[in-house]
Amino acid sequence: MKDYEVTIGLEVHAELKTNTKCFCSCKNEFGGEPNTHCCPVCVGMPGALPVINKKAVELTIKAGLCMGCDINDIAVFERKNYFYPDLSKAYQISQLVRPICLHGGVKLDSGKFIRLNRIHLEEDAGKLVHKSETVGTLIDYNRGGVPLIEMVSEPDMSSPEEALEFLGKLRENLIYADIAECKMQEGGMRCDVNVSIREKGQKEYGTKVEMKNINSFKAVERAIKFEVERQKDILENGGTVRQETRRWDDVLGESSSMRSKEDSKDYRYFPDPDILAIEIPRENVEKIRKELPLLPVERKEKYMGEFGLSLYDTNLLLSEKVYSNFFDECVKLYNKPKSIVNWIQSQVLSLIKDEEEKEIKISASNLTKIIEMLEKKEISQQDSRTLFAKCWEEDIDAKEFAKSSGMLSTLSENELEKIMDEVISENPKACEDFKTTPDKVMPFFIGQVMKKTKGKANSEVVRKYFTEKLK
Amino acid sequence: MYLTKLGVLETAKLIHEKKVSCEEVVKAYLKNIEARKSLNAVIEVFEDALSEAKKVDEKIKNNEPLKELEGVPMIIKDNILIKGKKAGCASKFMQNFVAPYDATVIKKLRDAGVIFLGRANMDEFAMGSSTEKSCYGICHNALDESRVPGGSSGGSASAVAANLACATLGSDTGGSIRQPASYNGVYGIKPTYGRVSRFGLIAFASSLDQIGPLTKNLEDSAKLLEIISGKDSNDMTSSKEKVEDFSKFDMKKTYKFGICDEVEEKMKNIVTKPVYDSIMKRLEEKGCEFVHFSIKDFNLCLPIYYVLSTAEATSNLGRFDGVKYTVRSANAKDVNEIYLKSRSEGFGEEVKRRILLGSYVLSSGYFDAYYNKAKKLQQRLTKQLTEVFNSCDAVLLPTTPNVAFKIGSKGDNPVDMYLEDIFTTIANITGVPAISIPCGKGENDLPLGLQVLTNKFEEKKLYSVASYIDALLKGENA
Amino acid sequence: MISIEEVKHILTLSSLEASDEELKKLQKSLSQMEEFVSQIKNADVDDEMSIENKVSMNALREDEVKDSYPVEEILMNAPKQKFNSFAVPLMMED
């Protein structure tokens, strides 16, 4: 077998997190009874006209800024014409010549930069449900008109691992910037893969084969690996790879040629006359840029650099946007990142790590108050745990509750001294034993003091006092 | 009947002043519609027309406040959606379609108190200049039934001329309001592109279509345009430009008119030339000035129009597919066949031809040579025309090369029909408003029309100029 | 003159079909129409097109949900409907 170089490009679609569809005010929501989120516009009724959603444009710009794209001054929408039952108007409103975003890209951990060609805005098609011979195929347009961004990469990836990493980083950015939820199982993010191979040293790229129907990260990996092998086989046997679109079947683990629906299609693109060109003022772009939250890559730098967190802790926080956002909120209120991450790890995550919907039921305000009170020794370790649980269950203020329930009682120096003297006078034998085996007896004294003070004493202070007093 | 000769404003006045009941008015029109059945101008008379009229009379009886045009009956072209009523673009493909919503213009007319008598006949999917291509049969000219009423709003124009309603609504993509208006001796305006919302108009060519009224006089036309104009949040291409009081004509003593050299060149061979020459002479005698200008791309108007309109139409008509809004072929075994057979059986020949030409000019390999170039030429042409308005108040030209032609007289070559639009397409391509007013007679005493064009969004000036000329032609002192 | 092959191609693009006889007729009409518009092909334009019909992003529609249409109205003109959906004969997974 000869040595081959693999070239991979990805075309990723993500459903935007808007309230309404791209060209009408119907609800943008997954599921729902068929055709209940529809209106004349999204079902392509005669006489209906598209009205573009400002938020969809803003989120597309946001996505472009996340990936370092150039944002066009003027964006134009075009009609992509073809017949298919899930396309209500027999054309999809998309972008061709003047997309909202151009260029940009994503840096992989290795330092390799994967370039993007463009990010543009378009509308989704409806859903086909293939039932049976008698019932036939049913068409539901709830999804029709949902705003999608299409992100097209340059063919810069050379392995399935790189493709996965690129996809993962893309997805992370979209989630962190609140642009898309990217739930692949709901079709919130879809990926088409282009694969070609060429002999090592060959200048020209090999024939590009497109693969569709890839519905999970695992499938991306499997599909690429399969396709590379398939193409290698063909070339090794002296054949030529046909340029085509193939359908990936993840269950069977193989791809098959799609019928001519996709081959050499002439979409007859032209600018949609119902939609005026959109002018994107620079101030709007800058405003969106200012409001961008820190992206995972930037957060990682901050957590490890500025806060000095470990890689393990950092990755834990970044594994879910919810964790990271919560952490950031806490740090803003109480600047002790290491304490906070410990609490999140030990207390918060243990409660929700197995949940589907990761909902943190304690407020940042409460958590930071608890940590602060504990660190100032205003409450005991045990009390802090009780308080945490209480705040998780109920809508209370940590400080108020600590006060009213008596957890929060400060011990004055005199009171502590009095109690320590009490312990001394109540335990004469221990005092004797202390002279010979101080290390054995000290824990007992500390224990006694803690009992009397309900854990509020500072053990160092106690240690010092007893050591001095019983010398 | 005297009642049915009246226009919109006069009828509203009579009804509101209780001089006549709305029921009487509607009954009179219904009688006319029946009497002139042979015109085939009205596809359907709405069953509730009379009951709607009675409702108006109830309101009047109870001295309730009345809307501006309460009780005025209109007939609407078959490509404008009225909720609950059929709308089919005179196509057998769409013969069962019932509108689930009101077009914006219908909502506005309703809010003004207008009642709808029925649907006007038209060329199928608005593609035609004679209303001979309707699945409901040929429509006839109101003044000479052996001739066409023009198209595609032939039914709308014929109905006004034959007094089947106070006024009608039509649509104009390449001349489809003005040419039939001219052929029937009535007033028809194509507003500035973007002046009137297209929401609820079954689209033919999205960047050229506009809805407009066809009326018996200019005051009605202006009033109706005032009512249906305005920015619509449902139509991105509708304009924010202020809707002025068009119906308050503001005539000057004299005007400066622009005459296009290329039009004059065409007119050398036109038999109706003397009619227009005489009008120009009369205007000159009143002190009006004439400036001559050349529009270098004038002779490209028709090709530009047919490239752009067919391209947009081929895309707009994709949704008619045998699955959602149309009838479905009985012979289709799978989805592909549903598309192929339903569309091929459902669309008429002219519609199919234009769909095909549209696909052709958009197809890979031809897009740059045809569509893209036509777009560039459109921009150039628009600049050429709008510049002219810097040196004159309005541009004048004939609406049509001649009077209405005999039914069936245009041959097999589809292009013969396209030449009808020679003087009208420029207003659609450039987006400027254009009105056709009756201006004299041609052979067999048949009406001719004169077009007045102004710059974009100058409808107020347009009506003022038009009324100036109209008064002159009617022999009144302006 | 547009070739029969080209006519067939645009028929496919337009989801229309024609019998052999109709094909010949179409070829003739379309060629006449094409000739009519061919002046466009030969016209001399090299100007870059400026984009004139623009709207600022700020004037676009706000992202507020409005009521959708009742399912019955969405489907009321469908030649065939089942289970609140438009229905077509069973399609092969594509």
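This is a predicted model: local features need pLDDT of at least 70, side-chain atom pairs count only at pLDDT 80 or more; totals for chains, interfaces and linings use all residues.
Residues are numbered from 1 along each chain as its sequence is written, and chains are lettered from A and ligands numbered from 1 in the order in which they are written.

Biologist: What pattern does chain C follow along the sequence?

Modeller: Helices (H or I, at least four residues) and strands (E, at least two) are DSSP runs, numbered from the N terminus. Chain C has three helices and three strands, and read along the sequence their pattern is α-α-β-α-β-β.

Biologist: Why is chain C said to be more spread out than a compact globule, and what is its radius of gyration?

Modeller: The radius of gyration is taken over C-alpha atoms, and the globule rule is 2.2 Å times the number of residues to the power 0.38. For 94 residues that rule gives 12 Å, and chain C is more spread out than a compact globule because its radius of gyration is well over this, at 23 Å.

Biologist: Which element of chain C has the highest mean pLDDT?

Modeller: The predictor's confidence in each residue, from 0 to 100, is its pLDDT, and the mean for chain C is 92, with 98% of its residues at 70 or more. Among the elements of chain C, the lowest mean, 92, belongs to helix 2 (residues 20–42), and the highest, 97, to helix 3 (residues 71–75).

Biologist: Which element of chain C gives the most to the side that touches chain A?

Modeller: Counting two residues as in contact if their C-beta atoms, placed from the backbone, lie within 7 Å, 32 residues of chain C are in contact with 46 residues of chain A. Strand 1 (54–56), helix 3 and strand 3 (85–88) of chain C each give two or more residues to that side. The most, four residues, come from strand 3 of chain C.

Biologist: Which residue of chain C stands opposite A:L138?

Modeller: Two strands pair if DSSP finds at least two bridges between them. Strand 10 (residues 136–140) of chain A and strand 3 of chain C pair in the antiparallel sense over three bridges. Within strand 3 of chain C, the residue opposite A:L138 is C:A87.

Biologist: How far apart are the end C-alpha atoms of helix 9 of chain A?

Modeller: The expected span of a helix is 1.5 Å times one less than its number of residues. For the twelve residues of helix 9 (residues 364–375) of chain A this gives 16 Å, which agrees with the distance between its end C-alpha atoms, 16 Å.
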